[in-house]
Amino acid sequence: MASEKIITLTKDNFEQEVIKSDKPVLVDFWAPWCGPCRAVGPLMDELAEEFDGSAKVGKINVDEQGELASAYRVMSIPTVMLFKDGNMADKVIGSRTKNEFADMIKKSI
């Protein structure tokens with residue numbers, strides 16, 4: 001079950017939720033058919049709970065939000081980016097451990 005704290009990001013809310021956010025935002029670019037993406041999903045749920053209040057976690061379905069995937073040159077998924085002060089501060093491609101994603105957030109808080 002996905003966490004209610006995960007933000008479903010679209011081209012309509014991306015600027016408000018990510019670019020204008022006063023907190024760091026971890027963004028997971030994924031697709032339902034992607035095996036490694038399904039492995040990363042539960043980690044994002046846990047991180048959204050753990051960092052609630054100090055950072056945000058959002059997901060972008062690349063099949064539904066092709067414009068955003070193109071804008072950030074996402075070529076492989078999962079791609080996880082960390083945005084801080086409206087800019088991409090960090091990026092990893094492929095599945096990683098929860099600790100690696102948590103470290104991305106911790107560096108930016």
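Modeller: Start with Pro-42, which counts as partly exposed because its relative accessibility is 41%. Buried means under 20% relative accessible area, exposed over 50%, and partly exposed in between, with a 1.4 Å probe and protein chains only.

Biologist: What kind of model is this?

Modeller: It is a predicted model, with residues numbered from 1 along each chain as its sequence is written. Local features need pLDDT of at least 70 and side-chain atom pairs 80 or more, while totals for chains, interfaces and linings use all residues; side-chain values use heavy atoms, without hydrogens and water.

Biologist: In which element does Pro-42 lie?

Modeller: Pro-42 lies in helix H2. Helices (H or I, at least four residues) and strands (E, at least two) are DSSP runs, numbered from the N terminus. Pro-42 and Lys-98 are 56 residues apart in sequence, yet their C-alpha atoms are 9.3 Å apart in space.

Biologist: How many disulfides does a search of the whole structure find?

Modeller: One. A disulfide is a pair of cysteine sulfur atoms within 2.5 Å. Here Cys-34 and Cys-37 are joined, at 2.3 Å from S to S. The link of Cys-34 and Cys-37 is right-handed, with 80° about the S-S bond.

Biologist: Where are Cys-34 and Cys-37 found?

Modeller: Cys-34 is in the loop between strand E2 (25–30) and H2. Cys-37 is in helix H2.

Biologist: Why do Cys-34 and Cys-37 count as buried?

Modeller: Cys-34 counts as buried because its relative accessibility is 5%. For Cys-37 the relative accessible area is 2%, so Cys-37 is buried.

Biologist: What peptide bond joins Ile-77 and Pro-78?

Modeller: A cis peptide bond, with omega of about 0°. Pro-78 lies in the loop between helix H3 (66–71) and E4.

Biologist: What does the UniProt record say about Cys-34 and Cys-37?

Modeller: The unreviewed entry carries the annotation "active site" for Cys-34 and Cys-37. UniProt positions use the numbering given here, feature names are shortened, and annotations may be inferred rather than shown by experiment.

Biologist: Now the strands. In which sense do E2 and strand E3 (residues 56–61) pair, parallel or antiparallel?

Modeller: Two strands pair if DSSP finds at least two bridges between them. E2 and E3 pair in the parallel sense over six bridges. Leu-26 stands opposite Val-57 in E3.

Biologist: And E2 with E4, parallel or antiparallel?

Modeller: Antiparallel, over five bridges. Five of the six residues of E2 are buried, so E2 is largely enclosed by the rest of the structure.

Biologist: What unit do E2, H2 and E3 make?

Modeller: A right-handed β-α-β unit. Right-handed means that, with the strands pointing away from the viewer, the path from the first strand over the helix to the second runs clockwise.

Biologist: Which residues touch the most other members in the largest nonpolar core?

Modeller: A nonpolar core is a set of buried Ala, Val, Leu, Ile, Met, Phe, Trp, Tyr and Cys residues joined through side-chain atoms within 4.5 Å. In the largest, of 17 residues, Leu-26, Met-44, Leu-47 and Phe-101 touch the most other members. Helix H2 (35–50), strand E4 (79–84) and helix H4 (98–108) are the elements that give two or more residues to this core. H2 gives the most, with five residues. Apart from this core lies another, of 15 residues, among them Val-25, Leu-68, Val-74 and Phe-83.

Biologist: What does Met-44 touch, not counting residues up to four places away in sequence?

Modeller: Met-44 touches Ile-6, Leu-26, Asp-28, Val-57, Val-80 and Phe-101.

Biologist: Which way does phi go in Arg-73 and Asp-85, positive or negative?

Modeller: Positive. Phi of Arg-73 is near 50°, in a residue other than glycine. Asp-85 is not a glycine either, and its phi is about 50°. Arg-73 is found in the loop between H3 and E4, and Asp-85 in the loop between E4 and strand E5 (87–93). Arg-73 counts as exposed because its relative accessibility is 63%. Asp-85 is at 60%, so Asp-85 counts as exposed.

Terms used: Contact = heavy atoms within 4.5 Å.
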